[in-house]
Amino acid sequence: MIVTVGDVAAGGHCVARVDGEVYFVRHALPGETVRIEVNERKKRFAFADAVEVLEASPDRVEPPCPWAGPGKCGGCDFQHAAPQAQRRLKAKVLFDQLTRIGGVDPALLEGVEVEELPWPEGALGWRTRMQYAVDEAGRPGLRAHKSHTVVPIDRCPIATERIRESDVLAKQWDGMGAVGVVDADDDELAVYTQLRRTARPHHKSGPRQVHQTVGGHRFEIGFDGFWQVHPAAAPAFLDCVLDFLQPREGESAWDLYAGAGLFAAGLSAAVGDTGRVVAVENAPASRTAANLAEYKNAGAIEQDVAAIAPDLGAVDLVVLDPPRSGAGPEVVVALGEARPRAICYVACDAGALARDASDLAIEGYELKRLRAFDAFPMTQHFETIALFEPVD
């Protein structure tokens, strides 16, 4: 059918309404008239692709990737939108999620933008970590949207130049379910493989421990450990967190879901020898403790955050950088009991941030400051950093 598309929604879709029915449409932009093809129906709504554009938005551009579009690679959601338009769409999603789900006063979000991160290639060439799926014939590629179908490709425009120039996509990977490549600060790329029907990665070539440097501190991470995929993200996020928290000499701090210890290292330097920092992370590949070894006022606990947070006692400052699912009520209640003077929440999902913001309000914390960063150009994803403080 032919529809006129309305506002953007979470998940890389825009909303169209026809005769009381709701359609979440990919590959469209607000205000466009498009022909859609429905690919999944639910009780109250349906998912569809815009397969033909009849009246285009002025924000529409030709996708820079030949594998972007309906039925092709599902990795990028907004290649058909100019980069500045992508950021406006993401800002609208953030506003809607925080006001509708989080109960945040719209006035507090007035003028909030999703900021561009500086990078020579702009919205392309930024992704330092790629995991390609491998089809039954051993060909590497990326999956179609919400599908196990592998779309073979010979290059990915959002991957860094070093990854694009590597031979990973030119090789056959017979018997493998996936092949990954990591472009860190090392001289070589790290390459790993994953057998079919198993989540355990196996080191293939390059360094087993990769390295990233931020603010003069060198972090070591397992080849399969977590690190921000945009090269400008980690330093920008650390600067923002420290600016929001304004740590003081002698204060105590937690870095929950600490990963490699980026925020814990920054906090350790800021609170000085008389302060203390506890980092909590349950993924061994992150090597949190090793990365904090030079800081005598810091320590790391390898345990689930929800399990250990109630036992950590009181604290002055908290950095919360949970997975996409969010921190959840258990962790938020533990924070309420610890009563820090400030909580800095680093969120990769606006919906999860909104749910946790609602729970934080119950615990007596309100949103004070917020910044958002376009750390994943061409996709629906972005990063938000929010400061919560106790209600006066």
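Predicted model: local features only at pLDDT ≥ 70, side-chain atom pairs only at ≥ 80, totals over all residues.

Colleague: What box do the C-alpha atoms fill?

Modeller: Along the principal axes, the C-alpha atoms fill a box of roughly 65 × 50 × 35 Å.

Colleague: And what percentage of the residues is buried?

Modeller: Buried residues account for 54% of the 392 residues. As for contacts with a separation of 6 or more, 59% of them are between residues 24 or more positions apart.

Colleague: What about the surface and the charges?

Modeller: The accessible surface is about 17,600 Å², and carbon and sulfur atoms contribute 48% of that area. There are 40 positive and 57 negative side chains, with the centres of the two sets 5 Å apart.

Colleague: Let us move to the sheet of six strands. What is its strand order?

Modeller: The order is S1-S5-S6-S4-S3-S2, in an open sheet with mixed pairing.

Colleague: Which strands stand at the edges?

Modeller: Strand S1 (2–4) and strand S2 (8–9) do. Each has a single partner strand, so one side of each is left without a neighbour in the sheet.

Colleague: How does S2 pair with S3?

Modeller: S2 and S3 (residues 13–18) are antiparallel and share two bridges. Valine 8 has cysteine 14 in S3 as its bridge partner. The two strands form a hairpin with three residues between them, and glycine 11 in the turn has a positive phi of about 95°.

Colleague: How many bridges join S3 to S4?

Modeller: Five bridges join S3 to S4 (residues 21–26), and the strands run antiparallel. Within this pair, alanine 16 is opposite tyrosine 23 in S4. Two residues lie between the strands of this hairpin, where aspartate 19 adopts a positive phi near 50°.

Colleague: And S5 with S6, in which sense do they pair?

Modeller: In the antiparallel sense: S5 (residues 33–41) and S6 (residues 45–55) pair over eight bridges. Threonine 33 is placed opposite glutamate 55 in S6.

Colleague: Switching topic, where is histidine 80 found?

Modeller: Histidine 80 is in the loop between S6 and helix H1 (83–100).

Colleague: Is that histidine 80 buried or exposed?

Modeller: Histidine 80 is buried: its relative accessible area is 5%, and the cut-off for buried is under 20%.

Colleague: Which residues does histidine 80 touch?

Modeller: Leaving aside residues up to four places away in sequence, histidine 80 touches His27, Ala28, Leu29, Asp59, Arg60, Val61 and Pro63.

Colleague: One last region, then. Why is strand S16 described as largely enclosed by the rest of the structure?

Modeller: Five of the five residues of S16 (residues 252–256) are buried, so the strand is largely enclosed by the rest of the structure. Both of its faces are covered, with Ser252, Trp254 and Leu256 buried on one side and Ala253 and Asp255 buried on the other.

Colleague: How is S16 joined to S17?

Modeller: S16 and S17 (residues 276–280) run parallel and are joined by five bridges. Leucine 256 has valine 280 in S17 as its bridge partner.

Definitions and conventions
Residues numbered from 1 in each chain as written. Heavy atoms only, no water. Buried < 20%, exposed > 50% of the residue type's maximum accessible area, 1.4 Å probe, protein only. Contact = heavy atoms within 4.5 Å. Areas by Shrake-Rupley, 256 points an atom, 1.4 Å probe, with all protein chains shown as cover. Lys, Arg positive; Asp, Glu negative; His and termini not counted. Charge placed at Lys NZ, Arg CZ, Asp CG, Glu CD. Pairing = 2+ DSSP bridges. Helix = DSSP H or I, 4+ residues; strand = E, 2+ residues; numbered from the N terminus.
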